[in-house]
Amino acid sequence: MAKTVEGLYYSESHEWVKVEGDVAVIGITDYAQHSMGDLSYVDMPEVDDELAAGDEFGAVESVKAASDLYSPVSGTVIEVNEELEDAPELLNEDAFANWIIKVKMTDQSELEGLMDAAAYEAMCAEA
Amino acid sequence: MEENLLKTCLYDKHVALGALMSPFGGFIMPIQYTNITDEHNAVRKAAGMFDVSHMGEIFVSGPDAEKFVNHIFSNNISGIPEGKILYGMMLYPNGTVVDDLLVYKEFQSDHFLLVVNASNIAKDYEWICAQKEGYDVEVVNASDSWGEIALQGPLAEKFAVETLGLEPAAALGFYTYYEAEWKGERMVVSRTGYTGEDGFEIYCSHAAVNEIWDILLAAGVVPCGLGCRDTLRFEAGLPLYGHELSDEITPLEAGLGMFVKVKDKEEFIGRDAIAAQKEAGLSRKIVGIELQDKAIPRAGYPVEIEGQQVGVVTTGYRSISTDRSVCVAMVDKAYTELGTQVEIRIRKKVFPGIVCKKRFYETNYKK
């Protein structure tokens with residue numbers, strides 16, 4: 001059973017969001033890293049890129065496949081996790097301890113459209 | 001349709017081993033048992049085994065068998081010794097590829113075994129039968145009754161000889177085979193493979209395949225899925241039908257002209273088209289491309305120069321054995337010189353790459 005963390009927001013496309021003031025810290029869930037298998041590359045956006053909720057902002061890649069990443073919120077990328085450039089396996093080791101990007105949100109009401117841990121677990125259980 | 005997928009005779013063993021199963025060539029096949037990287041490395045450094053029972057076996061025999069196989073096959077089988085195997089293609093009259101295959105010259109005059117791709121068995125059999133008018137031959141599609149295991153890697157010979165008791169395998173040269181027996185049943189053992197390493201392909205009954213699989217597994221041979229079969233063959237520069245070869249690609253464009261004997265053979269299906277293409281020159285060709293970046297080029301991604309598409313990736317990976325991002329791509333002839341700088345579009349970005357040889361890993365075949 002893939003783990004979840006309480007107090008985060010979850011998207012249908014398996015990203016998590018941790019809110020720090022007006023900044024959304026975004027990563028992929030344990031369920032996502034587990035279903036991808038060993039990751040060999042994380043494609044990330046540039047700082048200052050503008051994202052609308054639902055925009056593709058990069059991808060995580062295993063040997064076999066690339067899986068697109070989608071931003072759960074609108075805003076501006078203020079930081080990318082450069083550690084993942086050389087160590088994508090950190091996401092396999094602990095998907096919740098290793099964020100991918102930080103976005104300065106323009107519309108915090110978008111968070112209301114996301115799931116909490118229990119709802120996300122229920123969605124994964126159905127898949 | 002999931003329910004229409006075929007199962008190989010080892011299906012239950014794959015499921016019991018916890019393999020990730022996925023459709024391939026009309027079959028439900030193991031993609032990986034643990035992970036692709038570990039299985040890939042097992043074949044490069046020790047020994048791995050693949051269930052390749054989905055491959056097709058078509059037997060051609062009769063007084064005109066040699067003449068007929070030479071008519072439908074791009075390589076030249078005239079006078080090859082018994083036990084010899086040749087790689088080549090069956091071509092359409094326009095020079096594109098029906099399938100790539102191995103032809104085994106059996107130890108019986110006028111008998112040949114054709115080993116074809118799983119996804120093309122029905123098409124190939126139909127194609128072969130449609131060409132045999134005027135030839136005194138019998139064509140039998142025996143794919144359903146034969147199983148096959150590929151035992152690959154530097155320790156393959158040791159396991160074949162010491163674990164399976166196939167002593168004569170040690171003396172086999174590359175691309176030759178011998179007739180063995182497993183409990184009184186026919187078994188074909190060839191020094192062939194699709195990984196760039198030394199190894200054997202063992203063809204036998206479903207019951208024998210199941211026994212051999214269990215014996216090799218117990219002896220420590222690593223079960224390997226189609227995931228690493230693809231990364232291994234890719235690094236070794238070997239084509240996959242549907243990617244580097246197809247009914248829209250000729251062998252010359254795929255860089256496989258050495259298997260099309262336009263000079264040695266006066267007649268075979270597709271010969272005139274290939275001769276004409278040689279004369280006229282190619283308009284596009286498969287090349288290798290290495291990226292400087294870690295981004296991974298994958299099949300279907302565009303190859304560009306200054307924003308203009310000049311080609312398309314046919315297979316690409318972060319190469320496990322070389323830890324480089326590399327691909328093979330079909331590219332307009334003007335940009336196929338080694339060292340040419342190109343770009344590959346990966347999602348929203350373009351990454352610089354350099355045209356290189358399409359073999360990324362030094363193969364370790366036994367001569």
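Reader: What does the secondary structure of chain B come to?
Author: Keep in mind that this is a predicted model. Chain B has a mean pLDDT of 97, with 99% of its residues at 70 or more. Its secondary structure comes to eight helices and 19 strands.

Reader: What radius of gyration does chain B have, and what would a compact globule have?
Author: The C-alpha trace of chain B spans about 65 × 50 × 45 Å along its principal axes, and 48% of its 367 residues count as buried. For 367 residues, a compact globule would come out near 21 Å, so chain B agrees with its own 21 Å.

Reader: Which elements do the buried residues of α5(B) pack against?
Author: Helix α5 of chain B covers residues 156-163, and Ala156(B), Glu157(B), Phe159(B) and Ala160(B) are buried there. Just after α5(B), Gly165(B) takes a positive phi of about 70°. As for the packing, the buried residues of α5(B) sit against β9 (147-152), β12 (199-204) and α6 (206-218) of chain B.

Reader: And how do the residues on the side of chain B that touches chain A divide into nonpolar, polar and charged?
Author: On confidence, the model scores ipTM 0.82 and pTM 0.93. The contact takes 13 residues from chain B and 10 residues from chain A. On the chain B side, α2 (36-45), α7 (226-235) and β16 (308-318) each supply at least two residues. That side of chain B divides into five nonpolar, four polar and four charged.

Terms used. Residues numbered from 1 in each chain as written. Chains lettered and ligands numbered in written order. Predicted model: local features only at pLDDT ≥ 70, side-chain atom pairs only at ≥ 80, totals over all residues. Buried ≥ 20, exposed ≤ 12 C-beta atoms within 10 Å, placed from the backbone. Helix = DSSP H or I, 4+ residues; strand = E, 2+ residues; numbered from the N terminus. Contact = placed C-beta atoms within 7 Å. pLDDT = per-residue confidence, 0-100. Nonpolar A, V, L, I, M, F, W, Y, C, P; charged D, E, K, R; others polar. Rg over C-alpha atoms; globule rule 2.2 N^0.38 Å.
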